[in-house]
Amino acid sequence: MSEPVILLDGVEKTYPYFRLTNIALQLDAGQILGFVGPNGAGKSTTLRILMAMVQQDRGTVRVLGRSLPREQAAAKQDIGFVSEDMRLHGSESLAWHMRLVADLCPGWDAAYATALVGRFNLHPEQQVRALSHGERIKAALLLALARRPRLLILDEPTTGLDPVARHEVLAELMDVVQDERRAVLFSSHNTHDVEQISDQIAFIDRGRIVDTGDKETFLDRWRRLRLDVPPGVTLPAAAGVIDTSTSGRQAIVTTRAYAPGFEAGYAAAGVGIHAVERLTLEEIFVATVMHNRRERAA
Amino acid sequence: MSGSVVARLIRKDLVLARWPVTGALIGGAASLAIMPLTSVTAYVGGVTFVCVLVILNIILVMNGVVQERKDKTQIFILSLPVSTAQYVAAKVVANALAFTVPWAVLSAAAVVVIVRSPIPDGLLAFWAVLLGYLLAYYFVLLGVALLSDRSGWHASAITVGNISINLLIPALLNLPSIARQTSSPIAVWTADIVALTLGEVLVGAVVLAWAIRYRSRRADHV
């Protein structure tokens with residue numbers, strides 16, 4: 001079995017008002033990991049540790065079989081990185097940047113870069129400072145993709161993009177990940193984008209990973225049950241219930257341990273079942289974060 | 001490969017610095033060209049010459065080091081197969097080349113202008129200390145930019161550096177070893193002039209070396 005593309009174990013980083021605590025993550029070749037968290041949760045810090053731009057205080061960071069930060073230059077030969085706040089040199093053109101990256105990166109694919117210029121409707125001779133936000137992100141993505149990296153790390157790349165530009169960026173990413181040797185780590189607070197392209201999910205909140213797993217399992221094990229609780233009947237305890245709200249006879253139960261037959265326990269206790277609903281990734285994310293915060297506050 | 005990566009990053013930064021460097025060379029040459037004409041143009045040319053080097057210093061450090069961090073262009077460069085140590089080394093060497101080469105060229109040109117024109121050669125001693133100060137000012141400002149991300153420190157270093165020129169010039173002109181040769185056709189290199197010139201450059205170089213060491217050891221680069 002080959003080594004994971006990304007392996008984080010026990011990673012910690014402390015700032016005056018923020019702490020990344022015991023981060024453990026694994027990403028294998030061919031997988032797309034959606035890294036979801038609210039603003040300030042620690043997504044960018046984690047990704048910058050993976051790029052050795054920030055050095056962890058403790059813990060192991062291995063990327064593409066290389067130990068970071070020690071072997072960062074060698075690891076970055078095969079990593080493409082784009083972040084929403086990353087800027088290119090405003091006084092220079094996209095073509096200038098393409099020449100720079102081609103000069104520094106042996107894997108540069110000039111034909112693919114030209115194809116992406118057309119697909120993204122970019123103008124290579126245009127000064128970067130004249131590009132819109134969407135064009136800037138697409139230019140940065142082009143510079144990362146044309147390196148043909150084995151690992152693509154994207155830090156909120158779709159933030160601030162209009163729907164068309166977002167569609168173009170996501171479509172290109174979907175195309176990229178057809179190659180099973182590649183892996184993508186995609187951070188966002190937009191769960192719709194993550195749900196669309198990821199096959200693995202990790203939730204982070206306040207510097208801690210609060211849940212992780214493959215997307216289908218996530219979606220399968222979460223359910224919202226709308227129940228009718230007759231007078232005199234008590235809701236039975238059930239596995240994985242993280243939230244229960246009642247209003248008169250109506251009760252809404254949210255569980256993260258749903259399995260076929262789960263609702264049978266309620267039916268046996270005399271509780272009526274109005275509906276069993278799947279949750280969207282956004283609902284799961286919000287429920288997970290809120291549950292985690294309540295538990296830590298308790 | 002490591003060496004060539006640093007060389008490529010240096011070349012990249014030198015390309016980015018091409019316009020301020022070109023402007024400084026043209027501005028410096030023009031100010032030197034008018035110096036021998038009259039006593040008024042000698043004064044105007046001298047002041048302009050100093051201003052050109054001060055402006056080049058500030059533009060190179062603020063655009064090449066500080067602004068690159070603020071604009072997050074640094075993140076783009078560090079996303080390439082470049083280590084943080086290579087990035088810092090290339091940044092310092094490129095920035096230093098972009099300043100010291102025009103400084104050296106213009107300093108040599110200033111010496112030629114003074115020696116070959118009616119301007120008294122005795123002023124060479126004054127110019128040597130002044131040019132030494134401008135080099136030291138550059139080293140210190142680059143050092144402050146490497147040490148701190150806070151714009152308050154950068155603004156303070158620029159303010160102190162600029163005010164110090166205004167204090168340094170009258171102080172030098174009143175220094176006996178310089179004052180007695182401002183009209184002399186021969187430059188006399190007394191021990192205090194040599195010590196002052198070398199001392200300025202040494203202090204600047206020490207500050208810069210310390211800043212480079214500190215920056216290279218920093219854990220976080222963005």
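This is a predicted model: local features need pLDDT of at least 70, side-chain atom pairs count only at pLDDT 80 or more; totals for chains, interfaces and linings use all residues.
Strands, in the sense used here, are DSSP runs of E with at least two residues, numbered from the N terminus. A:Val61 lies in one such run, strand 4 of chain A, which covers residues 58–63.

A residue counts as buried if 20 or more other C-beta atoms lie within 10 Å of its own. A:Val61 has 25 other C-beta atoms within 10 Å and is therefore buried. Leaving aside neighbours within four places in sequence, its contacts are A:Leu8, A:Val11, A:Ile49, A:Leu50, A:Gln56 and A:Leu68. A further distance can be given for A:Ala24, which is 37 residues from A:Val61 along the chain: the two C-alpha atoms are separated by 9.4 Å.

Elsewhere in chain A there is an open sheet of 4 strands, paired antiparallel in the order 12-13-11-14. Its edges are strand 12 (241–247) and strand 14 (272–278) of chain A, each of which pairs on one side only. From one strand to the next, the twist averages 15°. Strands of a sheet pair through backbone hydrogen bonds, in either a parallel or an antiparallel manner. Between strand 12 and strand 13 (residues 250–255) of chain A, which run antiparallel, there are 6 bridges. One residue pair can be picked out here: A:Val241 has A:Thr255, in strand 13 of chain A, as its bridge partner.

The next subject is the interface between the chains. Here 22 residues of chain A are in contact with 21 residues of chain B. On the chain A side, helix 2 (72–76), strand 6 (79–83) and helix 3 (94–104) each supply at least two residues. Helix 3 of chain A gives the most, with 4 residues. Sorted by class, this side of chain A has 12 nonpolar, 5 polar and 5 charged residues.

Within chain B, helix 2 (residues 18–34) packs with helix 5 (residues 84–116) at an angle of about 10°, and their axes are 10 Å apart. Angles under 35 degrees count as roughly parallel, so helix 2 and helix 5 of chain B are roughly parallel to each other. Their crossing is right-handed. Helix 2 of chain B brings B:Val21, B:Ala24, B:Leu25, B:Gly28, B:Ala29 and B:Leu32 to this contact. Helix 5 of chain B meets them with B:Ala98, B:Pro102, B:Val105, B:Leu106, B:Ala109, B:Ala110 and B:Val113. By class, the contact between the two helices has 12 nonpolar residues, 1 polar residue and no charged residues.

How values were computed: Residues are numbered from 1 along each chain as its sequence is written. Chains are lettered from A and ligands numbered from 1 in the order in which they are written. Two residues are in contact if their C-beta atoms, placed from the backbone, lie within 7 Å. Ala, Val, Leu, Ile, Met, Phe, Trp, Tyr, Cys and Pro count as nonpolar, Asp, Glu, Lys and Arg as charged, and the others, Gly among them, as polar. Two strands pair if DSSP finds at least two bridges between them. Axes are lines fitted to C-alpha atoms, for helices over the stretch in contact, and angles run from 0 to 180 degrees between N-to-C directions. A residue is buried if 20 or more other C-beta atoms lie within 10 Å of its own, exposed if 12 or fewer, and partly exposed in between; C-beta atoms are placed from the backbone. Angles under 35 degrees count as roughly parallel, over 145 as roughly antiparallel, 65 to 115 as roughly perpendicular and the rest as oblique. A crossing is left-handed if the near helix is turned anticlockwise from the far one by less than a right angle, and right-handed if clockwise.
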